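Student: I would like to learn how to read a model like this one. Please take me through it feature by feature.

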Amino acid sequence: MKNFTVEFALGDSEYLTALRLAAGAVCSAADIDVDAIEDFKVCVTESALILKNCGFESVRADFFREKGVGCEISGKGGKPEPADNELSLALISALVRECDITGGKVIEKVTLLI
């Protein structure tokens, strides 16, 4: 599988559905089981919502295959500021094998690996 990238404006919530579909397609191509696919889709969507909550204007999701299937979701533009994302981060941490958060008080990027 080659790397796959999706970019969209966070103001258009209908694109979150497209992001979920892309995450599912990448997992399906890698023969990931159905339960793990659903968990991954939730985590990718929550990561985009975290970046929206932090004030980013758009998001870039880079899907990759390294030691499993993963996605690096990064925010772009807007006026980023600290936000309360504790619940979303706890959910993500519980559902993926690895989760790496980049940024201090303002989360700039979330990297997931299943």
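Tutor: Start with burial: buried means under 20% relative accessible area, exposed over 50%, and partly exposed in between (1.4 Å probe, protein chains only). Glutamate 38, with a relative accessible area of 35%, is therefore partly exposed. This is a predicted model: local features need pLDDT of at least 70, side-chain atom pairs count only at pLDDT 80 or more, and totals for chains, interfaces and linings use all residues. Residues are numbered from 1 along each chain as its sequence is written, and side-chain values use heavy atoms, with hydrogens and water left out.

Student: Which residue forms a salt bridge with glutamate 38?

Tutor: First the rule: a salt bridge is a side-chain nitrogen of Lys or Arg within 4 Å of a carboxyl oxygen of Asp or Glu. Lysine 41 is the partner of glutamate 38, with the closest N and O atoms 3.1 Å apart. Helices (H or I, at least four residues) and strands (E, at least two) are DSSP runs, numbered from the N terminus. Both residues lie in helix 2, three residues apart, about one turn of the helix. Lysine 41 is buried, at 16% relative accessible area.

Student: How many salt bridges does the rule give?

Tutor: The count is five. One of them joins lysine 109 and glutamate 72, at 3.7 Å from N to O. That pair links distant parts of the chain: lysine 109 sits in strand 5 and glutamate 72 in strand 3, 37 residues apart. Lysine 109 is partly exposed at 23%, and glutamate 72 is partly exposed at 26%. Elsewhere, shared partners join Glu7, Arg60 and Asp62 into one salt-bridge network. Within it, aspartate 62 and arginine 60 meet at 3.0 Å, N to O.

Student: What is the nearest side chain of opposite charge to glutamate 46?

Tutor: For charge, Lys and Arg count as positive and Asp and Glu as negative; His and the chain ends are not counted. The nearest opposite charge is arginine 20, 7.8 Å away. Glutamate 46 is buried yet has no salt bridge. Its place is in helix 2. Contact means heavy atoms within 4.5 Å. Leaving aside neighbours within four places in sequence, glutamate 46 is in contact with Ser88, Leu91 and Ile92.

Student: Which residues touch the most other members of the largest nonpolar core?

Tutor: A nonpolar core is a set of buried Ala, Val, Leu, Ile, Met, Phe, Trp, Tyr and Cys residues joined through side-chain atoms within 4.5 Å. The largest has 32 residues, and Leu19, Phe40, Val44, Phe63 and Leu112 touch the most other members. Helix 2 gives the most to this core, with seven residues. Leucine 19 touches Phe8, Val44, Ala48, Ala61 and Phe63, not counting residues up to four places away in sequence. Alanine 61 is found in strand 2 and is buried, at 0%.

Student: What covers the buried residues of helix 1?

Tutor: The cover includes strand 1, helix 2, strand 2 and strand 3. Among the buried residues of helix 1 are Leu16, Leu19 and Cys27. Just after helix 1, aspartate 31 takes a positive phi of about 60°.

Student: How many disulfides are there?

Tutor: A disulfide is a pair of cysteine sulfur atoms within 2.5 Å. The count is zero. For cysteine 43, the closest cysteine sulfur is in cysteine 99, 7.5 Å away, too far for a bond. For cysteine 54, the closest is also in cysteine 99, at 13 Å, again too far. Cysteine 43 is buried, at 0% relative accessibility, and cysteine 54 is buried, also at 0%.
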